[in-house]
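Hi,

Here is the structure I promised to pass on to you. Have a look at it first, and then read on for what turned up.

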Amino acid sequence: MALDVLLINPPDQKSKYKKYLNIRIPPLGILYIAAVLEENGISVEVMDCAADDTTYADIRERVERTRPFIVGITSTTPLINEALKSAEAVKMAGDPYIVLGGPHATFLHHEILTENTAIDFIIKGEGEYAFSELYRILRSGGDPGTIEGLVFRSEGVIQENPDREVCVDLNTLPYPARHLLPKENYRIFDVNMPIATVICSRGCPMRCSFCASSAIHGRTIRKRSPEDVIEEIRHIRDTLGISMIAFMDDTFTLMPGWVETFCNLLIEEDLHIEWGCTARVDRIDSDLIRLMKRAGCETLFIGVESGDQEILDRIKKGTKIDQIKTVFSTARDFGMRTIASIALGLPGETKETAKKSIAFVKKLHASYALFSVATPYPGTEFYNNVRENGNLPQNWSNFDLFSPVVGTLSLTLEDIRDIQKKAYREFYLRPLYILETLKKEGRPFFHTMKVLISP
Ligand code: SF4
């Protein structure tokens with residue numbers, strides 16, 4: 001029997017995060033859509049080509065074999081070309097409707113539909129309910145003009161339907177359909193344990209100029225109940241045997257009161273999981289860090305961005321250098337692993353400020369540092385400014401956080417590339433750091449260090 005829906009995360013042969021850090025995490029957006037489809041009795045399969053290294057030929061073969069009615073493809077900015085090539089592979093193998101979703105398609109829907117006839121529909125923003133509705137309407141021969149959040153071609157003209165309200169009560173969403181993908185495929189660094197990803201919230205009220213989160217999910221934060229998240233963790237542990245969780249919220253600690261309730265519940269339930277999350281330094285203090293550690297939190301991923309206060313203010317990060325220092329030192333005191341994320345080449349960056357950031361991160365004694373390059377993703381204030389100034393590059397495949405795509409007033413792309421290399425070498429090639437970290441982390445650290453310093 002023919003399949004109703006095939007969902008595809010496109011091939012990704014070039015991701016430096018995958019290559020260097022061995023980061024392979026399940027595509028949660030797709031798995032949420034799959035869960036809602038299953039809940040509605042619609043048959044669905046998922047191909048995560050990025051994780052299992054499947055190719056366009058594999059996509060063709062799967063489409064020929066399963067003959068899906070609709071194929072959904074997700075698109076991020078650095079992988080938009082791969083998403084479009086996937087669509088072409090699908091069209092070569094059959095004639096299903098092709099739907100594109102994800103952040104890149106959300107913001108550049110008009111341009112994509114104009115230039116790519118293989119794409120029939122684009123779903124903007126959160127896609128769970130729009131996708132199910134689209135399936136139902138297409139099966140019944142109804143009018144897609146009634147589906148909120150949909151953009152499509154109608155008699156050669158692009159029709160953009162009104163935006164869809166976001167799903168307000170996240171507790172009503174089913175758990176992501178993790179059973180559709182092999183758990184063995186997912187890892188972070190070289191840690192030899194399968195990992196599951198979980199999301200507890202959507203939306204962010206902050207205004208960081210480089211971030212598109214609120215443009216996709218809105219400025220109001222929507223949280224699941226701590227009880228619902230605990231049940232999902234129990235479900236993951238009992239059905240998949242996974243006890244390592246990465247919380248993928250843009251900022252897990254945005255509501256410290258929620259985190260406190262969640263941690264107390266986790267301790268009470270005694271689930272024995274190890275977990276990591278993102279944190280904002282102005283939304284976490286030593287009491288909360290202590291409690292999180294007691295509840296099994298081993299890793300904090302912190303968006304430091306810069307060691308220069310003026311740059312932090314300019315990008316509207318809303319954090320202070322002193323807060324960053326305090327949180328790193330407290331987390332270290334409690335024995336937590338910390339990952340500092342820095343963006344080099346932000347607006348206003350000079351050789352001096354970049355040097356200051358590198359020195360600052362070394363002093364933080366972070367367990368790991370990720371030196372990305374500032375990237376103006378569609379949907380951000382940064383993108384709008386770059387576009388207004390007429391400096392917008394169109395080589396989307398370079399928007400991978402490792403390849404500089406825009407310079408600053410005083411730094412060229414080449415300068416930023418050199419600074420990034422220097423940052424990795426300076427941070428990772430400190431003898432004392434190597435000794436301490438090898439003792440704590442063992443071989444996985446060695447692999448990560450080796451690849452990071454030779455990009
Ligand atoms: S970077 Fe984090 S805190 Fe800032 S806007 Fe994005 S999600 Fe919110």
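Predicted model: local features only at pLDDT ≥ 70, side-chain atom pairs only at ≥ 80, totals over all residues.

Helix 15 and helix 17 cross in a right-handed sense. Helix 15 covers residues 351-364 and helix 17 covers residues 413-428; their axes come within 10 Å and cross at roughly 20°. Angles under 35 degrees count as roughly parallel, and helix 15 and helix 17 are therefore roughly parallel to each other. On the helix 15 side, the meeting residues are Ala354, Ile358, Val361 and Lys362, and their partners in helix 17 are Ile419, Ala423, Glu426 and Phe427.

The axes of helix 4 (residues 56-66) and helix 5 (residues 80-93) come within 8 Å, crossing at roughly 40°. That angle makes helix 4 oblique to helix 5. The crossing of helix 4 and helix 5 is right-handed. Helix 4 contributes Tyr56, Ile59, Arg60, Val63 and Glu64 to the contact, while helix 5 brings Lys85, Ser86, Ala89, Val90, Met92 and Ala93. Here the contact of helix 4 with helix 5 splits into 7 nonpolar, 1 polar and 3 charged residues.

Finally, the ligand. Which residues surround the ligand? Around it sit Cys204, Met206, Cys208, Cys211, Ser213, Ser214, Asp250, Thr251, Arg280 and Gly303. This shell around the ligand divides into 4 nonpolar, 4 polar and 2 charged residues.

Terms used:
Residues numbered from 1 in each chain as written. Axes fitted to C-alpha atoms, helices over the stretch in contact; angles between N-to-C directions. Helix = DSSP H or I, 4+ residues; strand = E, 2+ residues; numbered from the N terminus. Parallel < 35°, antiparallel > 145°, perpendicular 65-115°, else oblique. Left-handed = near helix turned anticlockwise from the far one by under 90°. Contact = placed C-beta atoms within 7 Å. Nonpolar A, V, L, I, M, F, W, Y, C, P; charged D, E, K, R; others polar. Near = placed C-beta within 6 Å.
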